[in-house]
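Welcome to my notebook. I jotted down what I looked up, one topic at a time.

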Amino acid sequence: MIRTLAWALSLVLLAGLPSAAHAHLVNSGLGPFYNGALHLLLSPGDLLAVLAVSLLAGQSGKAGARWAAIVLPLVWGAAALAGLGLGTAIEAGWLGVALLVLLGVLVAVGVRLPVWAMTCLSALAGLVHGLENGSAFAAAGSDGIAVAGTVATVLTLTLLIAALAVSLRSAWTRMALRVGGSWIAAVGMLMLGWLLQGAS
Amino acid sequence: MTDRRLPSSGPPSPSARGNQRRTSPHNLLAVLVLLAPITALAHVEGGAAGGFLSGMHHPVSGLDHVLAMVAVGLWGAQLGAPAIWLLPVAFPIMMAFGGLLGLSGIELPAVELGIALSAVILGALILGAIRLPLAVALLIVGFFAIFHGHAHGTEMSPGQSAILYSIGFVIATGLLHAAGIGMGLIQRWNAGRIALRGAGSVVMAGGLFFLWNALA
């Protein structure tokens, strides 16, 4: 009986061991600010989210693009700081992927969202990805300077991509934008399937 | 140890004699240790890069998939706007939906048959230069896209990055559409229109071949 209990306790302890942290910042060699910037550039999920929000914002017009360029980095940064403060592993994979599908479909359909809707979607994307980023930074032992690097990159990318999308006038470039949206939605949908299978 | 000196025309030079004196078992052992194979750490297509490359490679690795993807672009170009861009917008989304079904464990009947039929029907539509209503064209393309996604979107090797595999897969599929659209632009000329219909016959013939294989 005691031996069985000992085995059971050992198994429980083994199962309770913390697994290896997969959150690690790539060392840019230029300090924490650039480590944070590089983290975003090397995270395809985050990049796709920024791309999707920016394309949709550009498609929705100048006002929507301006609000997205303000709200997305701000909320991203605030959420990342919150995640950094919480210090616990936050996995919002499902929500992030579902959001990616929604954003991609909206771009593919060619919807022009009202400013308030664009602002809400930008905030939601910033919240989900910022929290994940923040918890990854906490696990990697990074600080707020890395968050600043990430936010600066989000801001730069959003401004550039949304401005490009707003400036598109010819039919074929608008068409290319919508095709890009369909690709984002397709990647999101495949990712939903992979999440069901436990891959990442 | 046997002396395996090469025959020479004259007496060995002083430097050669010096080299022979330095050949000892220790040196030989050192050389053998240096030449001993060590664990290979070179993973050319592992991890993230492997996922992306694997995803990019997968759509172009099967001729049945290539034929159908290019045919979507060809047919879109033949139909003109707005089908020329609506078909390539609809296809990836429906293809990914098929992949989602496959990854969720939902089986589709006769997947290979559906893929082969997609090439046959799209090829026939191009060959006949048939202009269907846009909704019907979207329905046909979307329907067959599900089979392609179900069969091909789920075949990632273990250990690779799922998101990069998905990105590579979708990009490669989109580029095949673009190739079809590019080729389809020849329909601006009279001879080009005939050549386009000829390309439809090639797609259809390929589809019939795969249909035969699927039924055999």
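I call a residue buried if 20 or more other C-beta atoms lie within 10 Å of its own, exposed if 12 or fewer, and partly exposed in between, with C-beta atoms placed from the backbone. By that count, buried residues make up 48% of the 200 residues in chain A.

A note on the model: it is predicted, so local features need pLDDT of at least 70 and side-chain atom pairs count only at pLDDT 80 or more, while totals for chains, interfaces and linings use all residues. Residues are numbered from 1 along each chain as its sequence is written, and chains are lettered from A and ligands numbered from 1 in the order in which they are written.

**Chain A, overall.** I looked up helices and strands, which are DSSP runs numbered from the N terminus (helices H or I, at least four residues; strands E, at least two). Chain A has eight helices and zero strands.

The contact takes 21 residues from chain A and 21 residues from chain B. Which helix of chain A gives the most to the side that touches chain B? I found that helix 8 of chain A does, with 16 residues.

**Helix 7 of chain A.** I checked the length of this helix, residues 144-167. The expected span is 1.5 Å times one less than the number of residues. For its 24 residues that gives 34 Å, and the end C-alpha atoms are 34 Å apart, which agrees. Its buried residues, including A:Val147, A:Leu157 and A:Ile161, pack against helices 2, 3, 4, 6 and 8 of chain A.

**Helices 4 and 6 of chain A.** I used axes fitted as lines to C-alpha atoms, for helices over the stretch in contact, with angles from 0 to 180 degrees between N-to-C directions. The axes of helix 4 and helix 6 of chain A come within 6 Å and cross at roughly 30°.

**Backbone notes, chain B.** Most residues other than glycine have a negative phi, and most peptide bonds are trans. I noted a cis peptide bond between B:Ala81 and B:Pro82, with omega about 0°. B:Ala110 has a positive phi of about 50° and is exposed, with 12 other C-beta atoms within 10 Å.

Terms used:
Two residues are in contact if their C-beta atoms, placed from the backbone, lie within 7 Å.
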